[in-house]
Amino acid sequence: MVGMNPPQPPQKPKTIEVHGEERVDPFYGYRDRTDQEVLNYIEAENRYTDRQMADTKDLQEELFQEIKGRIKETDVSAPVSKDGWQYYTRTEEGKQYPIFCRMSRSGTGEEEILLDQNVLAEGRPFLSLGEFEVSPDHQTLAYSVDVDGSETYTMSFKDLQTGSHYADYLEHTADLVWAMDSQTCFYTVLNEIHRPFRVYKHVLGTSSSEDVLVYDEQDERFFVGLDRSADDRYILIESESKETSEISYFPADGKSDKPHVFWEREQGHEYSVDHGHGVFYVLSNRDAPDFRLLEIAPEHVYESEYWYERIPHRPGHVIDALELFQDYVVVGVTVEGLTELRIRNLHSGQEHTVKPPEALYELDIGGNPEFRSQKLRFSYSSWI
């Protein structure tokens, strides 16, 4: 190894006050990735690493080729069906990024390439894809990219009929969800410390300067996310800290943008909300540390005597995921560190469980965009 001391970072301190106490972060200034002194230091670190690891270059290449040889470079994902389409991604040998495609659900017709990340990445040293959301009418694609590694994403809109892009650009975005009119979308933006804290309404074909502020989360402990209910009736604003939740909702018709709080936040109360069959399905840990599933009519949100307990609390059986269909409700339940999927028929009440045979595994509910589907997508992996 080359005998050389590593570069020493110059301090860039800032005094931070949290909960009435002050502390000094000596390297706070390194958050600013436009600071030339910061960039110079990172480059010095990279040069130092290259020198220290110079005698392992052949081994690095050997390991890279071995890992690469175990990966199927030309591959295709299982398709996700929605309305008359099936969406999938595929990869090609020698290309670094996936290609996003769709075909008619019948399997006839030609493949349509929606977005080729390899083309987007041409001439750029870095590219990361964030959001990828097709409008409900399947005619417009909203996608976001980070081109410099700063984790700052810009949203673009592509007309899938013509292949051209709209002039619309949304800066510093995180989540995006379409309204059902396919002309309106709602998106979250990041503040200076990359916390999603605001929700805006954007109408396709207009300037972002005209966007309407829908929600503003002032509490620094809470991060804001977006979703659309399983039955496509509501837009859900999910504001969450490590141990507290607050959900707001409003109709997904594209006209509405005035959110109503489902339950006011209470320290330590975590809950999530979905909607179908004219009622809200709520996972809540209120009086149920391992969660229970409730059905609540919109007019009885604050009247607990009218709540129906669809799945009661059971100590040691943590309900941590919910997927709602027209005829079924699926919950992910973690027991002794392992997840199983419990599928309950909403009409008969009959239930069955999906649980892999291995002693150790990982099981997650996958993407299920069709409310009326009779099939459940889930992902599963184990050591073997």
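Guide: Contact here means heavy atoms within 4.5 Å. This is a predicted model, in which local features need pLDDT of at least 70 and side-chain atom pairs count only at pLDDT 80 or more, while totals for chains, interfaces and linings use all residues. Residues are numbered from 1 along each chain as its sequence is written, and side-chain values use heavy atoms, with hydrogens and water left out.

The place to begin is Glu295, which touches Val279, Phe280, Tyr281, Trp307, Tyr308, Arg310 and Leu346 when residues up to four places away in sequence are not counted. Glu295 belongs to strand 21, residues 292-296, where helices (H or I, at least four residues) and strands (E, at least two) are DSSP runs numbered from the N terminus. With a relative accessibility of 13%, Glu295 counts as buried, because buried means under 20% relative accessible area, exposed over 50%, and partly exposed in between, with a 1.4 Å probe and protein chains only. Its side chain is joined to that of Arg310 by a polar contact of 2.4 Å. A polar contact is a pair of N or O atoms within 3.5 Å; within protein, one must be able to donate a hydrogen and the other to accept it, and residues adjacent in sequence count only if both atoms are side-chain atoms.

Side chains of opposite charge can pair when their charged atoms come close. The term salt bridge is used for a side-chain nitrogen of Lys or Arg within 4 Å of a carboxyl oxygen of Asp or Glu, and by this rule the count comes to 21 salt bridges. One of them joins the side chains of Arg286 and Glu266, at 2.8 Å from N to O. Arg286 lies in the loop between strand 20 (279-284) and strand 21, and Glu266 in the loop between strand 18 (260-261) and strand 19 (271-276), so this pair ties together parts that are 20 residues apart in sequence. Arg286 is partly exposed at a relative accessible area of 22%, and Glu266, at 40%, counts as partly exposed as well.

For comparison, here are salt bridges elsewhere in the model. Glu66 and Arg70 meet through their side chains at 3.3 Å, N to O; Glu66 is partly exposed at 42%, whereas Arg70 is exposed at 68%. The side chains of Glu92 and Lys95 meet at 2.9 Å, N to O, with Glu92 partly exposed at 24% and Lys95 partly exposed at 40%. Glu92 and Lys95 also take part in a network of salt bridges that includes Arg90 and Glu111.

Two strands pair if DSSP finds at least two bridges between them. Strand 23 (residues 317-324) and strand 24 run antiparallel and are joined by seven bridges, and His317 has Val335 of strand 24 as its bridge partner. These two strands form a hairpin with three residues between them. On to strand 25 (residues 338-345): strand 24 pairs with it in the antiparallel sense over eight bridges, and here the bridge partner of Val330 is Ile343. Strand 24 and strand 25 form a hairpin too, with two residues between them, and Glu336 in the turn has a positive phi of about 55 degrees. Strand 24 itself, residues 328-335, is mostly covered, since six of its eight residues are buried.

For His194, phi is near 65 degrees; His194 sits in the loop between strand 12 (184-190) and strand 13 (196-203), and with a relative accessible area of 30% it is partly exposed.
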